[in-house]
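Please take a moment with the sequence and the coordinates before reading on.

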Amino acid sequence: MSEKQFWREKISVLLHDPITKPFDIKGHEDVAMEIGVVAKVHIDRGEEDKIASAFDRVPLPYEIRGKQIRIAANETYFVHPLTGEKLELNLNEAKQMKYLNELKEKIAKLREQNPDDEKFYHALWWELAELIDIAQVLPADTRVPNHSIIDHLDLSAAVKTAIKGSKVNMALLTFSIGPVQQVIAQARKTIDLWAGSYLLSYLIYKAIEKIGTKYGFDTIIYPYLRNNPFVYTTLDRQGVKLLTKPTIDEKVASLPNIFLALVPYNEAENIIEECKQAVISEWKDLTSKAKEIFEKDTKSEFHGLHNFAEFQKQVELFPTINATFIDLPSNPAEIEHRIDALFNDQAFKTEFEKYNEFLQKIQEKEGYKPNEGSFYKFVYKILMAKMGAIKTVRYFKGYSSDAMLGSQRIPDDFGDGTRACVEVIDKHGEETKQDYLGTLNATKRMLKRILNKSIRYDSTEDIAWNNEVNKSSDKLKNGYIAVLLMDGDKMGKLVSGDRALTIDKVMHEKTLSELPAEIKSDLEKTKMFSPAYQRSISRTLGIFSALVRYIVEDKYEGMLVYAGGDDVLAVLPADKVLKCANDIRKIYSGKKVNYPIKLDGDEYTFDKGFVYKNGKPYANMMGNETMSAGIAIINHKSPLKVALELARSAEHIAKDVYGRNAFAVTVVRRSGQMETVGSKWEIDDMDIIDTAYEITEMAEKVKLSKRSFYKIQDEDFEVLGKENLKELVYYMLRKSDAQNKKSLEFKDLKEKIIPFFEKLYNEQYLKRPIDLLLTIRLTKRGDER
């Protein structure tokens with residue numbers, strides 16, 4: 001097949017189902033032909049459509065013969081894939097015509113701007129989800145409406161890549177680079193934090209780019225790549241003309257260190273090798289450019305001592321790359337053989353046997369027979385088991401060195417486990433600092449310059465000045481900053497499908513009502529796991545990454561370092577970090593926040609697990625899924641590496657001590673005193689952070705000092721017990737130094753503070769409500785003297 005024909009066929013597949021299909025199931029093929037005329041390509045549907053359907057859809061009876069289940073346009077709704085929540089769409093003929101006209105106009109414009117088929121394909125893929133504003137909530141299958149028509153078109157195009165003539169030739173491939181935490185944690189300055197995160201995203205993208213430009217970016221199941229600035233730069237460089245620009249900030253590391261792809265099986269080994277070489281080659285190029293910068297710095301403006309022989313030696317130590325693949329057979333016996341060979345898990349074996357029996361029942365009732373897409377959930381778990389085994393066998397790149405820097409043997413200042421080979425000079429006003437760094441950290445320090453990124457990250461002192469108390473002063477009254485780490489809870493089990501909903505929970509109620517009883521019974525025991533399920537999670541996290549920037553930087557005046565997948569890393573003014581974290585976890589789940597997020601002229605709001613763009617349903621968020629946060633509050637002069645370690649430890653406390661869906665804050669005062677406090681985000685529908693801030697503000701209004709809180713000791717709680725908590729708190733307030741205790745404000749404070757204390761009371765941590773209030777007070781005021 002010629003390259004031109006390859007891209008024309010991919011275009012045809014992306015358009016074989018019009019996005020407006022749910023409006024008119026019966027006539028959708030005719031509409032596809034009309035769109036094909038506009039796109040100047042013949043629309044055809046082949047084996048890829050059936051296989052993609054088997055990947056993503058529930059096999060139903062009577063598809064070949066018998067009474068097929070039909071859902072009318074006015075009965076159509078979208079089901080949240082993670083919660084089962086219904087989203088009414090209210091489709092009608094007038095809307096269909098409006099959207100169809102928009103669709104044709106935008107495709108015609110894309111085609112006019114991109115007469116070359118390869119460029120048009122990339123433009124069409126990039127814009128597909130934005131061609132009409134509700135595209136991502138229009139279901140691919142109205143009978144099981146838990147995934148978007150966009151997901152089906154993407155997967156069909158990916159499958160097409162792996163079909164040669166009549167032969168299906170697919171492999172599922174995964175690829176990762178690392179180490180992650182060590183690379184990010186080795187930091188003194190905010191720019192080091194950025195560089196560690198960005199370097200990993202930048203390098204993993206070099207592997208993704210290799211696949212995307214050769215086979216199409218639709219082949220990447222995870223992570224979500226539309227709206228990503230890395231992809232946009234690639235397409236722009238290739239001369240692809242697009243209608244929209246990415247909303248993810250190009251300076252923010254936006255990709256995780258791993259990807260999952262669907263590729264031709266007979267090319268998988270070569271693909272892995274090409275991806276490895278792309279990553280290694282780019283890393284060597286970056287180090288070469290860093291070395292060149294140091295060599296040209298003859299006046300020692302930003303570097304002093306150096307040992308370039310040692311620098312070159314350390315290039316080989318990074319990164320660690322792991323990759324593997326597996327074919328997708330249509331024969332259940334082959335799957336069973338692999339499960340027997342790799343797993344001792346009887347429950348997994350039983351799950352496969354039950355699912356295979358279910359598929360046979362469907363086939364007996366005039367359903368389609370299984371194909372290469374039917375056993376995805378099991379193939380994926382086998383692939384991940386292979387990857388896990390590869391990662392378990394750790395290949396250490398031998399390193400020992402007696403290298404000298406000047407006349408001394410000096411270790412890397414950031415704890416890289418290597419010898420320092422470059423003295424990097426950092427001039428800030430009158431102050432000059434020297435960092436003795438190995439190759440990795442020296443290259444990170446130069447990364448912004450190497451990539452010619454016109455970005456500026458505030459210093460930790462600049463961030464501290466954004467504490468509100470400092471804004472009306474010429475003195476830094478509050479010098480505290482915060483490092484925020486957030487992470488989705490139980491994401492591994494969610495992405496693997498272990499926590500997916502059962503099929504009956506995502507079916508249209510009419511479909512479920514018309515199924516035979518024995519089929520219903522099977523659906524209630526079978527989890528809905530598919531590439532579309534994973535794409536949905538990946539897409540949601542991509543949208544989340546784009547929206548987090550507004551909250552961190554525009555709303556709360558912080559610095560977003562990383563937002564890729566379900567992870568967030570940011571540095572913020574101490575007085576804003578708790579509110580920022582609370583809002584981030586809300587939008588992650590699709591809960592309301594009390595302001596719209598504004599990006600590029602569009603407004604995003606949230607409700608019941610969905611995000612709305614300019615008032616219209618746009619996509620699902622993570623629904624009932626939650627995040628946990630670790631926060632370190634330190635003086636701005638403290639080492640960032642220490643703050644990052646404390647934040648990571650606090651995150652573990654939030655997950656392990658407070659049971660996830662929680663936050664923990666570690667405060668290090670200038671005196672060195674360290675305290676940690678935390679809680680669930682919500683307890684019995686009480687928003688703990690919002691309530692704590694309300695109480696703090698009320699206390700400030702009545703001039704209630706922190707000394708009043710110290711009047712209650714642990715032993716008071718211990719002796720009096722929870723049953724006397726109300727009287728104890730009332731006693732504290734009566735004896736406090738608050739002014740005008742007969743005022744309405746003081747009465748409101750009493751009514752607000754009692755339920756707060758009752759919710760947070762914990763027998764293992766008696767002063768928790770007081771410590772949280774005092775922590776908030778510290779973040780707002782700094783060290784009070």
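Helices here are DSSP runs of H or I with at least four residues, and strands are runs of E with at least two, each numbered from the N terminus. In this predicted model, the protein has 28 helices and 23 strands by that count. Its radius of gyration is 29 Å, close to the 28 Å that the globule rule gives for 785 residues, so the protein is as compact as a globular protein of that length. The C-alpha trace spans about 80 × 70 × 55 Å along its principal axes, and 59% of the 785 residues count as buried. Among contacts with a separation of 6 or more, 74% come from residues 24 or more positions apart. The accessible surface comes to about 32,500 Å², with 46% of this area belonging to carbon and sulfur atoms.

Strand E10 (residues 422–428) pairs with E11 over 7 bridges in the antiparallel sense, and Ile425 stands opposite Gln434 in E11.

Elsewhere, Asp117 lies in helix H5 (residues 117–127). With a relative accessible area of 3%, Asp117 is buried, because that value falls under the 20% cut-off. The side chain of Asp117 makes a polar contact of 2.6 Å with the side chain of Arg111. Leaving aside residues up to four places away in sequence, Asp117 touches Lys4, Trp7, Arg8, Ile11 and Arg111.

How values were computed. Residues numbered from 1 in each chain as written. Heavy atoms only, no water. Pairing = 2+ DSSP bridges. Buried < 20%, exposed > 50% of the residue type's maximum accessible area, 1.4 Å probe, protein only. Polar contact = N/O pair within 3.5 Å; in protein donor to acceptor, adjacent residues only side chain to side chain. Contact = heavy atoms within 4.5 Å. Rg over C-alpha atoms; globule rule 2.2 N^0.38 Å. Areas by Shrake-Rupley, 256 points an atom, 1.4 Å probe, with all protein chains shown as cover.
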